[in-house]
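Me: I have a structure open on my screen and would like to learn how to read its features. Could you walk me through them?

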Amino acid sequence: MPPLDLTADEVLTTTRAVRRRLDLDRPVERALIEECLRLATQAPTGRNRQRWDFVLVTDPAKRAALADLYRLGLTRPRQHVVRDGVDRGDPGRGRRIAESAQYLFDHLHEVPVLLVPCIRVQGRHENASHVGQANTWGSVLPAVWQFMLAARSRGLGTAWTTPHLHYEREAAELLSIPYETVLQAALIPVAHTVGTDFRPGPRTDVDEIAHWDGW
């Protein structure tokens with residue numbers, strides 16, 4: 001499948017979190033996923049160590065089990081996640097986002113490909129410090145975002161989710177991921193989209209977030 005006729009700026013500004021417009025009936029070709037992965041691995045990574053791995057889940061039973069862990073993470077989380085603080089989002093879009101999230105909650109197991117990006121570590125103690133966390137996640141998240149950009153340019157939709165990480169050990173057992181030396185970063189649904197017309201999302205004006213030469 002040839003890439004869509006989008007400029008780089010259009011890809012960067014229209015790669016949205018896609019939930020309700022995921023095509024649950026159309027298979028995703030393995031070659032298309034591999035194209036996106038080849039582009040993803042061109043992302044920067046700390047000291048060029050390339051510690052990333054990508055687990056692609058297409059087996060229906062494993063997709064269903066992984067989706068159940070995602071739902072457990074939302075309904076019975078194991079860790080407290082602080083949700084107060086800065087929120088620059090549009091309050092008027094809250095209901096629409098909630099409905100979109102509910103749709104994914106109900107249909108995640110039907111998405112043709114579930115991607116679990118991972119990063120190899122010597123041990124989970126590496127993330128004990130803020131510096132360790134920045135180094136670890138900074139060496140895999142750019143590659144995941146690059147995958148999502150590549151997917152958008154090829155008519156695929158994605159969404160960044162993390163609730164299944166409340167049950168990361170169970171997900172590791174399900175997918176035979178070495179729990180002690182491999183960290184899971186997210187769970188990304190991947191599917192063709194219903195239509196390819198996506199618009200830039202509402203964002204805070206640059207003048208409100210840019211701090212020149214100091215806060």
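**Reading the features**

Reply: Let us start with Thr136, which touches Arg51, Ile119, Val121, Glu126, Asn127 and Leu183, leaving out residues up to four places away in sequence. Contact here means heavy atoms within 4.5 Å. As background, this is a predicted model, where local features need pLDDT of at least 70, side-chain atom pairs count only at pLDDT 80 or more, and totals for chains, interfaces and linings use all residues. Residues are numbered from 1 along each chain as its sequence is written, and side-chain values use heavy atoms, with hydrogens and water left out.

Me: Is Thr136 buried or exposed, and where is its place?

Reply: Buried means under 20% relative accessible area, exposed means over 50%, and partly exposed is in between (1.4 Å probe, protein chains only). Thr136 has a relative accessible area of 1%, so it is buried. Its place is in helix α5, residues 130–137; helices (H or I, at least four residues) and strands (E, at least two) are DSSP runs, numbered from the N terminus.

Me: What does Ala185 touch?

Reply: Beyond residues up to four places away in sequence, Ala185 touches Pro117, Trp137, Val140, Leu141, Trp160, Thr162 and Leu165. Ala185 sits in the loop between β4 (182–184) and β5 (188–192), and counts as buried because its relative accessibility is 8%.

Me: Which sign should I expect for phi?

Reply: Most residues other than glycine have a negative phi. Here Arg47 is not a glycine, but has a positive phi of about 55 degrees. Gln50, also not a glycine, has a positive phi of about 55 degrees. Arg47 is found in the loop between α2 (30–40) and β1 (52–57), and Gln50 is found in the loop between α2 and β1. Arg47 counts as exposed because its relative accessibility is 69%, whereas Gln50, at 41%, counts as partly exposed.

Me: How do I look for empty space inside?

Reply: Rolling a probe the size of a water molecule over the atoms shows where empty space is left. A cavity is a set of points, on a 1 Å grid over the protein atoms alone, where a 1.4 Å probe fits but cannot get out; lining residues have an atom within 4 Å of a point. A search of the whole structure finds one cavity of 30 Å³ or more, and about 60 Å³ of space lies in the largest cavity. Grid points are joined across faces, edges and corners, and the volume is the space filled by probe spheres set on the points.

Me: Which elements each supply at least two residues of the lining of the largest cavity?

Reply: They are α6 (141–153) and β3 (156–158), and β3 gives the largest share, three residues. Among the lining residues are Met148, Arg152, Leu156 and Phe198.

Note on methods. On a 1 Å grid over the protein atoms alone, a cavity is a set of points where a 1.4 Å probe fits but cannot get out, and a pocket is an open set with protein on both sides within 12 Å along at least five of seven lines; lining residues have an atom within 4 Å of a point.
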